[in-house]
Amino acid sequence: MFSTLALGLLALSASSAALKPIPVALQSRKTPKGHVSSLRRRAVDPIGVPLDDFFLGTDLQWFGNISVGTPPQPVSVVFDTGSTSLEFASTECTSCTQTGKFDSGKSSTFVRGARTTTISFATGVGVDPVVNNDYVLTLRSGTDTITVGGQAVPNVSLFTITDQTPKFNIDPFLGIQGMGSTAQGFFLALTKAGLPSLFIGNAELLLGGIDDTKFKGDLVFATQTGRGDWVVPSSQITVNGKTTSVLKQRRSIIFDSGTSNILFPKQTTEAMYALISPDIKPFAAEPGAYGLPCSKIGNLPATIDLTFTSQDGQPFNLTIPSSELNVGPFASDTSVCQTLINAFDGLDLVGGSVLKHYYSVWDIGNQRMGFAPNVPRCA
């Protein structure tokens with residue numbers, strides 16, 4: 001998700017402590033879907049977290065578990081490169097419909113803060129555009145012990161959700177773990193302890209290592225230029241091998257693992273759709289969204305190539321295949337299928353529809369991102 005309060009680890013660098021890489025299992029919301037030798041030399045094992053994908057069965061967004069408190073309580077979160085803070089639903093939140101909410105009264109290490117705040121999001125958790133500020137969280141500050149993959153960090157700053165707008169009710173997860181390009185909270189503590197990297201993709205989040213078995217070929221690295229968000233400059237966009245003067249403009253593209261679809265300014269969005277089909281039109285009931293009759297979407301060619309420049313000065317593409325174009329019928333008119341790109345002036349942002357196809361390395365210490373095609377998962 002992309003927060004209007006703060007953009008929202010990624011390959012961490014440097015240090016000598018002997019933490020092990022942490023794998024984190026990720027899962028999906030199936031609700032109504034070049035090697036880095038400097039990193040390998042450290043005697044540090046990674047932390048892995050299994051992940052599930054979430055958004056209408058489309059594998060466009062991923063979440064997994066952390067533990068909060070003493071004794072630990074499991075808390076499911078989206079690992080979100082489009083934000084920087086940790087927030088999750090508490091038992092104080094009567095508007096939060098999720099089960100298993102965090103109970104601060106059962107944690108001996110929880111310290112309640114005095115600060116309350118509200119966060120509004122410019123992108124939601126799925127593919128729906130944000131309309132009338134309908135993604136809003138009310139938060140209270142606090143601190144507690146956070147545990148990921150067996151690694152516990154005390155006194156981590158966090159927010160408990162005390163109220164949320166109904167748009168969040170579809171979520172099977174309890175909150176958001178921000179993973180912006182400046183390490184904070186739990187991830188800052190791991191960085192100081194010497195954990196060197198993070199990987200998102202292939203249904204696993206790996207903190208502190210790179211798994212050669214999960215990608216094909218060599219990793220290609222590009223410099224990231226964001227301050228808090230993850231941004232890589234792009235030289236052009238092509239659609240089905242064609243481009244236009246609008247699509248040849250240089251732009252800085254945000255990579256946001258918490259957003260399912262892609263967002264570009266209206267002029268860019270409509271230039272892309274013009275190269276796909278004249279039948280794709282704005283959907284009036286959801287400003288910023290586009291669609292076409294489901295009967296016409298079929299196998300419509302819609303291959304999108306985003307061109308970047310590697311740190312070696314060579315252009316490379318990240319490709320969104322045609323299969324991503326259709327994100328399903330609109331709830332208010334099931335004869336019309338929503339298409340992937342939403343219009344949002346002032347924002348160039350890609351999410352799960354790109355990241356699901358690549359092994360991605362997010363390197364905080366060296367302020368760069370690495371990409372290689374995923375090894376297909378076994379059925």
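Begin by selecting Arg112, which counts as partly exposed because its relative accessibility is 43%; here buried means under 20% relative accessible area, exposed over 50%, and partly exposed in between, with a 1.4 Å probe and protein chains only. The model is predicted, so that local features need pLDDT of at least 70 and side-chain atom pairs count only at pLDDT 80 or more, while totals for chains, interfaces and linings use all residues. Residues are numbered from 1 along each chain as its sequence is written, and side-chain values use heavy atoms, with hydrogens and water left out.

Strands (E, at least two residues) and helices (H or I, at least four) are DSSP runs, numbered from the N terminus. Glu92 is likewise partly exposed, at 36% relative accessibility.

Lys356 and Glu324 meet through their side chains at 3.1 Å, N to O. Lys356 lies in the loop between helix 5 (352-355) and strand 24 (358-363), and Glu324 in the loop between strand 19 (315-320) and strand 20, 32 residues apart; both residues are buried. For the other, select Lys214 and Asp211, where the N to O distance is 3.7 Å; Lys214 counts as buried at 17% relative accessibility.

Then colour the open sheet of four strands, which has the order 16-17-21-20 with antiparallel pairing. Strand 16 (281-282) and strand 20 (326-330) stand at the edges, each with a single partner strand, so one side of each is left without a neighbour in the sheet. Inspect strand 17 (residues 290-293) and strand 21 (residues 333-339), which pair in the antiparallel sense over three bridges, pairing being assigned if DSSP finds at least two bridges between two strands. Gly291 has Gln338 of strand 21 as its bridge partner. Helix 3 (residues 266-274) packs on the sheet and touches strand 16, strand 17 and strand 21, its direction making about 25° with that of strand 17; contact means heavy atoms within 4.5 Å, and axes are lines fitted to C-alpha atoms, for helices over the stretch in contact, with angles running from 0 to 180 degrees between N-to-C directions.

Finish at Ile176 in strand 9 (residues 175-178), which is buried with a relative accessible area of 2%. Show Phe88 as well: Ile176 and Phe88 are 88 residues apart in sequence and 6.3 Å apart in space, C-alpha to C-alpha.

Key:
A salt bridge is a side-chain nitrogen of Lys or Arg within 4 Å of a carboxyl oxygen of Asp or Glu.
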